[in-house]
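Hi,

Here is the structure I promised to pass on. Have a look at it first, and my notes on salt bridges and strands follow right below.

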Amino acid sequence: MKIAVVGPGALGCLVAASIRNRTKEDVWLIDKYKDRARKISETGVKVEPVQGQGFTAKVNITAAPEEAGVCDLVIICVKSYSTDEACRHVKDIVSADTSVLTLQNGIGNVQILNDHFGQERVVAGVTNHGSTLAGTGSVRHAGKGDTIIGKADGRLTLALKDISNLLSKAGFETRISKDIDSVIWSKLVISAGINALTAITRLNNGMLVEFDGARELMRSAVGEAVKIVKRKRIKLAYDDPIQKVESVCRSTAGNVSSMLQDVLNKDRTEIDNINGAIVRHGKALGIATPANDVLTSLIRAIESSYDKVVK
């Protein structure tokens, strides 16, 4: 199987290196910057695992996707705001028989992939593995979790089983869901409660539940998201959303959320696909989302003022 992993960020590097290290598959890492691709090609992808020995994987990497040729599986790991650009970048390596899997944060990515490649090729997915980029081509595997994939129409296909087996062999314990929309929204509700708050407060996940102000705002943001989920008649993967998000905070206590990583690195965040998505759906449904509105506005203000911060 020939596999292309698009985006050499924290998750992309972890996925590509893990597949290369644990399987015999032909793995390509697709970048958009030639200089970065050249550097990673020279050094390989370095992974510092949750526990045990670290490793370095020599993967094929290119900023010219046509060098890889048509692939059997393309895994999209770019930030949500770059999904459309990434799809255009890799269109020549996607054939009628190629599966395109998203393991991205937030919502909206599946529709963009459908628009570019057709629903029959697209596989939706979420992963709860935590990863932190320590440098170019260097990643810390910050925490393990489950990975869930599925088709939007609920069909169980041979391609799904092949992808699930591949990811599981690579160390990402994977299961298939017939209701992947529920899985994506279940993760979104948790992300809406954690990511923006960590980025604003500069706290690790676990500290959010240690301070009353942060905990109350987290509960408000989650409560608003749940109202939208109920209106859409989407069944969440857990019974008590507030208890679930607080449990996730504690179980990933030392984790630096992806949005906090972005803010610390003065990068653009995925706020529009997380809390911003809650705000948009709320407006469309006539549901007030003041907590998510405030969190979205504050993150946008932070993004716009990286060079104005008082030191």
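This is a predicted model: local features need pLDDT of at least 70, side-chain atom pairs count only at pLDDT 80 or more; totals for chains, interfaces and linings use all residues.

Aspartate 272 and arginine 300 form a salt bridge, with their closest N and O atoms 2.6 Å apart. By salt bridge I mean a side-chain nitrogen of Lys or Arg within 4 Å of a carboxyl oxygen of Asp or Glu. Aspartate 272 sits in the loop between α9 (258-264) and α10 (275-285) and arginine 300 in helix α11 (residues 290-304), so this pair ties together parts that are 28 residues apart in sequence. Helices (H or I, at least four residues) and strands (E, at least two) are DSSP runs, numbered from the N terminus.

Residues are numbered from 1 along each chain as its sequence is written, and side-chain values use heavy atoms, with hydrogens and water left out.

Another one of them joins aspartate 35 to arginine 38, with 2.9 Å between the closest N and O atoms. These two residues both belong to helix α2 (residues 34-43) and are 3 residues apart, about one turn of the helix. Aspartate 35 counts as exposed at 57% relative accessibility, while arginine 38 is partly exposed at 46%. Then there is aspartate 153 with arginine 155, where the closest N and O atoms are 2.7 Å apart. Aspartate 153 is partly exposed at 39% relative accessibility, and arginine 155 is partly exposed at 39% too.

On to the strands. Two strands pair here if DSSP finds at least two bridges between them. Strand β1 (residues 2-6) is mostly covered, with 4 of its 5 residues buried. On the pairing side, β1 runs parallel to strand β2 (residues 26-30), and 5 bridges join them; valine 5 has leucine 29 in β2 as its bridge partner. Together with helix α1 (residues 10-22), β1 and β2 make a right-handed β-α-β unit. Right-handed means that, with the strands pointing away from the viewer, the path from the first strand over the helix to the second runs clockwise. β1 also pairs with strand β6 (residues 73-76), in the parallel sense and over 4 bridges, and isoleucine 3 stands opposite leucine 73 in β6.

There is also an open sheet of 4 strands in the order β4-β3-β10-β9, with mixed pairing. At its edges stand β4 (55-57) and β9 (130-135), each with a single partner strand, so one side of each is left without a neighbour in the sheet. Neighbouring strands of this sheet are turned by 25 degrees against each other on average, direction ignored; the axes are lines fitted to C-alpha atoms, for helices over the stretch in contact, and angles run from 0 to 180 degrees between N-to-C directions. Strand β3 (residues 45-48) and β4 run antiparallel and are joined by 3 bridges, with alanine 57 in β4 as the bridge partner of valine 45.

Cheers

How values were computed. Buried means under 20% relative accessible area, exposed over 50%, partly exposed in between (1.4 Å probe, protein chains only).
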